[in-house]
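Here is a short briefing on one model. Look it over first, then read the notes on its strands and pockets.

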Amino acid sequence: MKTPFGTTKDGKKITHYKLTNQSGMSVDIINYGGIISSMEVPDKNGVFGDVVLGHDNIKDYEEKSDYFGCIVGRFGNRIAHGKFSLDSTEYKLFLNNNGHTLHGGQKGFDKQVWEAKSFENEDTLGVKLSYTSIDGEEGYPGNLKCEVTYTLTKDNALQIDYMAVTDKTTVINLTNHTYFNLKDGGNSSILDHQLQIDASHYTPVDEGLIPTGEIIPVAETPFDFRQPKPIGKNIAVDHVQLNYGLGYDHNYVLDKTDNALEPISKVIEPESGRILEVLTTEPGIQFYSGNFLKGNITGKHGITYQHRTGFCLETQHFPDSPNQPHFPSTVLKPGETYQSTTIYRFKVQD
Ligand code: GLA
């Protein structure tokens with residue numbers, strides 16, 4: 001179902017798409033930022049509830065959003081000092097985060113209006129979004145043609161397929177920044193959610209949340225989520241990395257060794273019985289525990305988002321990869337196709 005979603009400050013009309021599958025799960029998408037604005041999934045009693053944070057109008061997305069539900073690009077997470085070099089040319093980006101570049105810069109993909117087309121197949125339905133970022137936009141080289149396809153399947157999974165091509169060598173790292181709260185969509189803390197991530201290593205950061213370049217074990221640290229544990233269990237431990245992140249805001253190095261689409265993370269919310277499984281082709285995932293939410297944004301359903309009332313699991317290549325030659329490469333060359341897939345799949349506890 002397609003309905004108008006208002007007009008941006010610069011006069012662009014925004015469209016809202018509602019995808020509903022055979023079991024009643026729905027996903028709402030707007031073509032401003034490719035934002036997932038709602039996801040209604042059943043709990044253990046079959047009661048549907050919205051499990052993502054967001055707004056119900058375009059003005060609030062433009063003025064009061066903290067990357068709620070959006071597509072992040074051209075480069076997810078941070079690039080140190082907003083600088084990188086390719087073929088001995090240095091490129092400079094807008095510094096929007098304490099002297100560094102975060103989530104694409106000043107006007108990243110989260111603030112662009114995407115072209116949208118809905119589609120329906122026998123068992124699935126979705127929206128295909130397209131955006132061409134022109135050569136030099138936000139300082140990045142190359143005309144970059146991107147397509148992001150959201151597909152809702154009959155088994156309550158939302159599949160996100162990313163695709164891009166360039167006409168000059170460039171860097172790319174696309175992700176989605178949905179904040180989940182499986183209990184109540186952001187009305188209460190996420191600290192009781194039980195999280196599991198198939199990662200025995202992570203990339204520690206400095207004070208500016210830039211990776212130091214090390215890849216270190218999670219074993220015997222608060223970062224060990226190899227077995228499910230409540231997000232809040234060790235979050236208050238006095239650990240330098242938790243102090244820098246103000247909680248969890250770190251890239252996990254997934255244990256899988258190829259780029260196959262595999263389950264890599266699971267979240268269980270004990271009260272509602274809702275379960276979220278994450279599958280990805282990416283080598284990393286940013287686990288962010290909503291540390292910057294501080295009760296100054298009121299979203300849909302009249303909910304004011306307090307500290308740690310949403311968490312993000314952003315599948316990605318590692319932050320600052322353009323400056324860390326030993327991290328998996330984020331370089332895209334003309335003639336190559338960037339492809340990446342992530343699935344958020346919902347289940348309930350038996
Ligand atoms: C990412 C970053 C965080 C923060 C959030 C948005 O998860 O790693 O540091 O910027 O996005 O607030």
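Thr 132 has Lys 145 in E13 as its bridge partner. The model is predicted: local features need pLDDT of at least 70, side-chain atom pairs count only at pLDDT 80 or more, and totals for chains, interfaces and linings use all residues. Residues are numbered from 1 along each chain as its sequence is written, and side-chain values use heavy atoms, leaving out hydrogens and water.

**Sheet**
- Strand E12 (residues 125-133) pairs with strand E13 (residues 144-152) over nine bridges, in the antiparallel sense.
- Strands (E, at least two residues) and helices (H or I, at least four) are DSSP runs numbered from the N terminus; two strands pair if DSSP finds at least two bridges between them.
- Nine strands form an open sheet with antiparallel pairing, in the order E11-E12-E13-E14-E28-E24-E23-E18-E21.
- E11 (115-120) and E21 (229-230) are the edge strands; each has a single partner, so one side of each lacks a neighbour in the sheet.

**Largest pocket**
- The largest pocket holds about 430 Å³ of space.
- A pocket is an open set of points on a 1 Å grid over the protein atoms alone, where a 1.4 Å probe fits, with protein on both sides within 12 Å along at least five of seven lines; lining residues have an atom within 4 Å of a point.
- A volume is the space filled by probe spheres set on the points, which are joined across faces, edges and corners.
- Its lining has 25 residues; Asp 66, Asn 97, Leu 102, Tyr 288 and Phe 292 lie nearest the centre of the largest pocket.

**Second largest pocket**
- The second largest pocket holds about 230 Å³.
- E28 gives the largest share of its lining, three residues.
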